[in-house]
Amino acid sequence: MRDTVMKKRYGVVLVGCGYIGEAHLSDIHYRENVKMIAVVDTDISRAALLAKKYGVPEFGTDYREYIRRKETEIVIIATYVDTHLSIMRDAVAYGCHVLCEKPAAASPEAGEQFFREAVAAPTQVLIGHELRYNRSYQMIERIIRDGAIGKLRLMRMIQNHHAVSWSRYKRLMQDCPPVLDCGVHYMDIMRWVSGEEIKSVTGVGCYMDGDAPCPNYGTVQVQLSGGTLGCYECGWSRNLKACNLKEFIGEHGYVRLTLMENRASDREEGDLIEWYCSVTGEYKIINNQSKYKDMYAQLSELIQRIEGEKGNGFTLEDARLAFLAAYTAKQKIEESVKKR
């Protein structure tokens, strides 16, 4: 009879029961190495609903009540960005490890403070950049690094949301415009797949909706240290058609990603990765099974680090540099709007 090793179960508290909080909970609550302690939200009815839906034993409005408990080992922060620093600070003070949603903060001052304290923390702190754990992006990074399309020249990324749930998006934008909220992912992707550093960031934008609390559309250009150019377009608007384009162009071809849900056909095959070689004229199609927001993969990365194992290489410094680049893009967009 084969021996089985029982996984350690980590006590987890989720703070923030909105869209992204539920995305975390739905992917981790049933895992063998996770023991949900409680879910917390300032809206008690929302916390109660998630607790009932996912079988979490307790819920409340004050996270401090739960993070001070001995059985709580990991705190997932899925709240609005202006609360990230204070919750992380409290969690670390009680000896908890932290998985915090991006971006770390809404200002460079708060961001630098967050990263300074996270680096110095006696526990593990991980920023949630879920695209680092996405199998399709991992495959594209390998294709590019292996030289399949030659020297990388251009990265084109579009992430526009048709914001039907306008009240939700308006609340998000009170603290964090789309170029910062989503942009941290793509600033990180640019550094990661190119292996280059971001040297300069420019951008222009506008108000797509009259009642938007900030410029809610922008285009950004990023110049990287090896000469690669990154172009990023982002917007959250009732007036925009949803669009998701990810294309990486080299001197010998391109790689393009179409997510499973955006495929015209064959969605059951997973994400579509198209790979074209201009030298031979060949096209290759790769069907790749991948979960867009793999929240359990992120949590597993944190647990690996807690247990002293080597992770995937994504560091707090990577998250910090992506945050600073995205914040610079935010400033450039705001400046362009003021000049008009």
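How much space lies in the largest pocket? About 1,200 Å³. Before we look around, some ground rules: this is a predicted model, where local features need pLDDT of at least 70, side-chain atom pairs count only at pLDDT 80 or more, and totals for chains, interfaces and linings use all residues. Residues are numbered from 1 along each chain as its sequence is written, and side-chain values use heavy atoms, with hydrogens and water left out.

Now, what counts as a pocket? Picture a 1 Å grid laid over the protein atoms alone: a pocket is an open set of points with protein on both sides within 12 Å along at least five of seven lines, while a cavity is a set of points where a 1.4 Å probe fits but cannot get out. Lining residues have an atom within 4 Å of a point. Points are joined across faces, edges and corners, and a volume is the space filled by probe spheres set on them.

Back to the largest pocket. It is lined by 48 residues, and Tyr19, Ile20, Arg168, Leu172 and Asp181 lie nearest its centre. Helix H1 (19-28), H4, strand S7 (152-162), helix H7 (166-175), helix H9 (183-194) and strand S11 (243-250) each give two or more residues to this lining. H7 gives the most, with four residues. (Helices, H or I with at least four residues, and strands, E with at least two, are DSSP runs numbered from the N terminus.) By class, the lining of the largest pocket has 22 nonpolar, 14 polar and 12 charged residues. Here Ala, Val, Leu, Ile, Met, Phe, Trp, Tyr, Cys and Pro count as nonpolar, Asp, Glu, Lys and Arg as charged, and the others, Gly among them, as polar.

The largest cavity has a volume of about 60 Å³. Among the residues lining the largest cavity are Pro177, Cys214, Tyr217 and Lys330. Helix H11 supplies the largest share of that lining, three residues.

Next, let's see how some helices meet. H1 turns up again here: its axis and that of helix H10 (residues 295-306) come within 8 Å and cross at roughly 75°. Axes are lines fitted to C-alpha atoms, for helices over the stretch in contact, and angles run from 0 to 180 degrees between N-to-C directions. H1 and H10 are therefore roughly perpendicular to each other (65 to 115 degrees; under 35 is roughly parallel, over 145 roughly antiparallel, and the rest oblique). On the H1 side, the contact (heavy atoms within 4.5 Å) includes Ile20, one of its residues, and on the H10 side it includes Tyr296.

H4 (residues 84-93) and helix H5 (residues 108-120) pack at an angle of about 15°, with their axes 10 Å apart. That makes H4 and H5 roughly parallel to each other. Among the residues making this contact are Met88 of H4 and Phe114 of H5.

Most residues other than glycine have a negative phi, and most peptide bonds are trans. The peptide bond from Lys102 to Pro103, however, is cis, with omega near -15°. You'll find Pro103 in the loop between strand S5 (97-101) and H5. Asp266, meanwhile, has a positive phi of about 60° although it is not a glycine. Look for Asp266 in the loop between strand S12 (253-258) and strand S13 (271-277).
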